[in-house]
Amino acid sequence: MKIKEYYRRMVEWMEKHNIERKFRITYDIIANIVLVLAVAGFLLLVFAGGVGAGYFASLVKDEPIQPYEEMKKEIYNYEETSKLYFADNIYIGDIRADLHREEVSLDEVSDLVKQAVIATEDELFYEHDGVVPKAILRALFQEVTNAEQKTGGSTLTQQLIKNQILTNEVSFERKAKEILLALRLENFFEKDEILEAYLNIVPFGRDAAGQNIAGIQTAARGIFDVDANELNLPQAAYLAGLPQNPFKYTPFTSSGELKDEEGLEPGINRMKTVLYRMHQTGIIDEKEYKEALEYDITADFTKKSNSPIEEYPAIVFELEQRATEIIKEILAEKDGYTKEELQEDEQLNEQYAILADRALRHNGYHIHSTINKKMYDKMQKIVSEYQYFGPDRTVTKDGETVVEQVENGAVLIENKTGKILSFVPGRDFRAGDREFNYATKAHRSPGSTFKPFAYAIGFETGKFQPGSVFADIPTSYGSYSPKNYGGAIYGLVTVREAMTYSYNITAVKAYSEVMNDDPIGKYFSKLGFKRIDKSEAGNRSLVLGGLTHGVTVEENTAAFTTFANGGQYVEPYMIEKITDKDGNVIYEHKPEPVQVFSPQTSYLIVDIMRDVTRHGTAAYLQSQLKYGGVDWAGKTGTSQDYKDAWFIGVNPNVTFGSWIGYDTPASIYCANCSLSYHQRNIKLWAQMVNALTEEFPEIMAPKERFARPDGIVSRSFCATSGLLPSKLCQEAGLVRSDLFNAKFVPKEEDDSLIGGNMPLVIIDGEQVVAGPNTPEEFTLEAKGGIMFNPEFLKRMKYDQLGDLSVLIPRRNRESWEKIGLAGDLPSSFGTVDASSAKAPSAPGGLKSSGNTVSWKHQKGQLIVGYRIYYAAEDNQQFQLIGHTTEPSYKLPDKPGYYHVRAVNYFGQESKPSAQIVLEAKEEKPKDEGSQKQKEQPKQPQPSEPKETKPKDKPKDEPKEDRKQDENENKEDNKDATEE
């Protein structure tokens with residue numbers, strides 16, 4: 001300050017206070033004294049100032065002179081919390097962060113707030129150039145003297161520098177730099193720019209959710225539930241007082257609870273101090289001041305609210321993780337790295353993951369999701385109220401006994417876009433202790449939901465079609481023998497039937513035909529299954545869900561959308577776009593469809609899955625759906641030992657998948673439950689679909705049906721082979737029809753059947769075609785005149801079956817009545833021909849009843865019948881008198897000697913059985929003393945046969961009782977189940 005100016009002010013001060021009159025000292029004398037003192041003071045200040053200036057210069061000598069752009073970047077680089085949104089821009093809440101802040105421009109802040117802050121924190125704000133010297137000297141004096149009360153000497157500008165560029169370190173060096181930078185900042189920026197930045201960075205304690213908050217907009221919303229431009233005078237004064245000691249003055253605890261009266265008192269007193277300063281500086285008048293003091297500010301505090309992590313924890317976690325991945329790739333790409341390089345370099349990937357997480361929590365992104373809020377809320381409500389999950393179970397984990405409930409994971413996806421509209425993360429998803437997402441994170445066996453993919457590969461390659469026929473009979477591949485549910489077998493079945501009722505044996509056979517065609521690389525990997533390795537292609541149980549790692553509900557549901565999209569796989573996604581705090585789009589999802597199957601293959605699978613829901617394993621669904629007329633198709637799935645139950649349904653608009661199972665895989669089979677495990681899951685699926693359809697019919701219940709593409713034709717085929725029907729097939733009533741890809745229709749005529757002129761014999765209860773040496777007396781014609789062609793049986797290796805009856809389907813069995821079960825010698829007899837065959841053993845175990853004699857049938861000796869021999873006397877030659885295919889025969893009323901010889905397939909006879917002697921009975925003489933009666937014709941009375949040992953005694957025969965094979969033709973249950 002110049003000497004004259006200082007002198008002038010001193011004079012004015014003295015005149016004002018009448019110093020001359022009070023002390024009766026002349027004006028000139030005082031003026032001279034003051035002048036002398038001023039000169040002396042000036043000389044002292046020059047000396048001290050020189051020393052101080054030198055010291056100050058030494059403190060800031062290493063501080064670089066920052067240009068405007070760099071300083072602007074640092075000042076406005078305050079951390080702003082990223083925000084999450086449902087679809088349609090509905091606000092969810094903030095990303096989890098240590099400090100929550102929302103940026104706001106100064107014109108969106110109430111003038112009362114600006115005035116209150118300036119009156120409290122820096123009343124000379126619009127007058128100083130960044131620092132107030134006297135305030136600095138006062139603060140310096142208090143620091144040197146270690147005064148108990150320190151008033152502080154920082155302007156708003158200095159506080160901004162401290163928070164944004166420097167640190168909170170207490171030192172003269174930091175203070176000197178703060179002063180230098182404050183002066184420079186004032187030179188670059190307007191006052192309002194500085195005030196706006198200050199109001200956005202200053203901390204305000206906690207909000208009603210217990211979150212740490214900064215920035216005036218976040219404070220207004222979090223404490224009073226109003227915007228910063230809507231604050232009244234008491235509210236503005238309360239908030240303006242918080243920055244001095246935010247966590248002491250804040251009205252809320254760390255849990256979001258309102259403090260008690262004693263806890264609120266410091267903040268209210270601080271508000272009164274702010275009001276006093278506003279009154280003292282003339283900002284408010286006496287009336288406004290008194291009204292504000294009497295205002296009940298506690299009535300304005302917002303009620304405790306749940307933070308987004310409490311209300312929608314699963315969505316917050318899922319969006320955070322997905323956004324981090326997206327931002328990680330964006331940051332890496334800016335630095336010249338590709339997505340593939342990140343995947344290959346674990347250290348590099350971790351580095352950018354850290355940078356992305358930091359950016360997500362500090363850069364104020366706006367993350368817009370695909371999740372429909374109403375859909376999500378409805379689905380959670382239904383799951384929370386559902387009563388048919390099944391029983392809880394007690395398990396031991398890490399030495400601790402815990403109770404596990406049957407969990408649910410569900411995902412709803414829009415077919416064309418891959419947009420995840422909603423999901424169910426579990427029955428009781430909570431942050432902290434139950435935050436595992438069963439919809440997106442649980443890798444479980446998909447069970448039979450993988451069958452459509454295996455069949456689709458076969459359709460695509462032309463290996464088979466819906467009308468192709470497989471033998472669903474006991475089958476083994478080395479040590480692996482797939483089994484159907486309950487151990488049942490279903491005979492000759494089409495692919496359509498096998499998938500509709502989920503036969504495991506047929507599915508494994510079908511997959512075996514395509515497993516060498518790179519099914520993982522060409523198909524499953526393109527369907528979005530990320531954890532299926534190519535090495536698993538040779539695992540035949542893959543088609544039944546036998547995977548090393550399993551799949552998620554999201555992955556499986558998304559893969560099913562491929563069938564609804566005409567064979568195009570569209571990757572599922574949950575984040576629509578990400579914008580920065582200025583509204584610039586830094587990421588926007590763009591679907592990139594991948595053609596996996598042809599439209600023809602996809603339609604054929606959809607058409608079969610319609611049958612699954614109509615009368616197959618998901619037939620229960622029809623009784624549960626509230627809204628009819630929707631073209632739903634779907635597939636059930638059960639994993640080994642009933643550990644998982646699935647149902648995935650598709651319609652032209654959406655695909656919806658639901659899974660149930662325990663967290664620790666265990667059987668969900670429940671004998672005492674009113675519903676089966678499949679019904680429990682299907683019922684839950686249907687309840688969610690019904691609720692969503694009620695409010696969103698345009699999405700959930702499209703009126704259009706799946707469009708049948710060109711290249712799909714209907715063709716007839718023979719049910720025995722899947723080939724074009726022959727005349728015999730038509731006569732047998734075995735002509736069927738189905739849809740085919742026009743490129744792969746059957747072109748060859750069926751040859752599985754032959755006419756009935758070929759002689760047959762019965763060996764051990766089984767019909768086989770007679771050989772050239774088989775005696776004609778033991779042959780018979782095939783039933784209905786039609787039977788299997790031996791050449792067909794050989795080609796299909798059915799000739800190796802021990803019992804051809806296994807080929808007859810269990811379903812619609814009556815339509816196969818015209819087919820005789822004939823074939824060549826069964827493989828169960830071994831490789832036998834005429835040259836190596838041995839004559840059968842002599843019949844043994846003879847028994848008689850009247851004239852009927854019976855004996856034991858010896859299985860495994862190719863016996864086709866028996867010949868009966870007779871001689872009147874023991875020493876006479878025996879003559880052939882009869883034959884039979886049964887192990888019994890009625891002898892004539894002719895006394896004499898009989899024996900039986902077994903005859904095999906090659907015409908070889910056994911040695912004779914033990915002899916049977918039939919003796920004539922003696923007639924009784926008439927009673928001479930009786931009255932003479934009319935003579936009646938005599939009735940011959942056969943004598944009882946006697947068994948005598950033949951001269952050529954046969955060898956002992958095995959003691960084996962003949963058992964009749966039972967063929968049970970029980971109807972299958974309407975609700976078919978699967979393994």
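I take helix axes as lines fitted to C-alpha atoms over the stretch in contact, with angles running from 0 to 180 degrees between N-to-C directions. Helices (H or I, at least four residues) and strands (E, at least two) are DSSP runs, numbered from the N terminus.

**Ground rules.** I am working with a predicted model, where local features need pLDDT of at least 70, side-chain atom pairs count only at pLDDT 80 or more, and totals for chains, interfaces and linings use all residues. Residues are numbered from 1 along each chain as its sequence is written, and side-chain values use heavy atoms, with hydrogens and water left out.

**Entry: the whole chain.** I counted 29 helices and 34 strands in the protein chain. The chain has 979 residues, and 50% of them count as buried (under 20% relative accessible area with a 1.4 Å probe, protein chains only).

**Entry: helices 13 and 14.** I looked up helix 13 (residues 261–280) and helix 14 (residues 286–294). Their axes lie 10 Å apart, at an angle of about 175°. The two helices are therefore roughly antiparallel (angles over 145 degrees). Helix 13 brings K272, L275, Y276 and H279 to the contact; helix 14 brings E286, Y289, A292 and L293. These residues divide into 5 nonpolar, 1 polar and 2 charged. Here Ala, Val, Leu, Ile, Met, Phe, Trp, Tyr, Cys and Pro count as nonpolar, Asp, Glu, Lys and Arg as charged, and the others, Gly among them, as polar.

**Entry: helices 20 and 24.** Next I checked helix 20 (residues 451–461) against helix 24 (residues 553–564). They pack at about 35°, with axes 11 Å apart. P452, F453 and A456 of helix 20 meet N556, A559, F560 and F563 of helix 24. That contact holds 6 nonpolar residues, 1 polar and no charged.

**Entry: two positive phi values.** Most residues other than glycine have a negative phi. I found S502 with phi near 60°, a positive value. S502 sits in the loop between helix 21 (495–500) and helix 22 (504–514). Is S502 buried or exposed? It is buried, at a relative accessible area of 3%.

L862 also has a phi near 60°. Its loop runs between strand 28 (852–856) and strand 29 (863–871). L862 is buried, with a relative accessible area of 6%.

Terms used:
Contact means heavy atoms within 4.5 Å. Angles under 35 degrees count as roughly parallel, over 145 as roughly antiparallel, 65 to 115 as roughly perpendicular and the rest as oblique.
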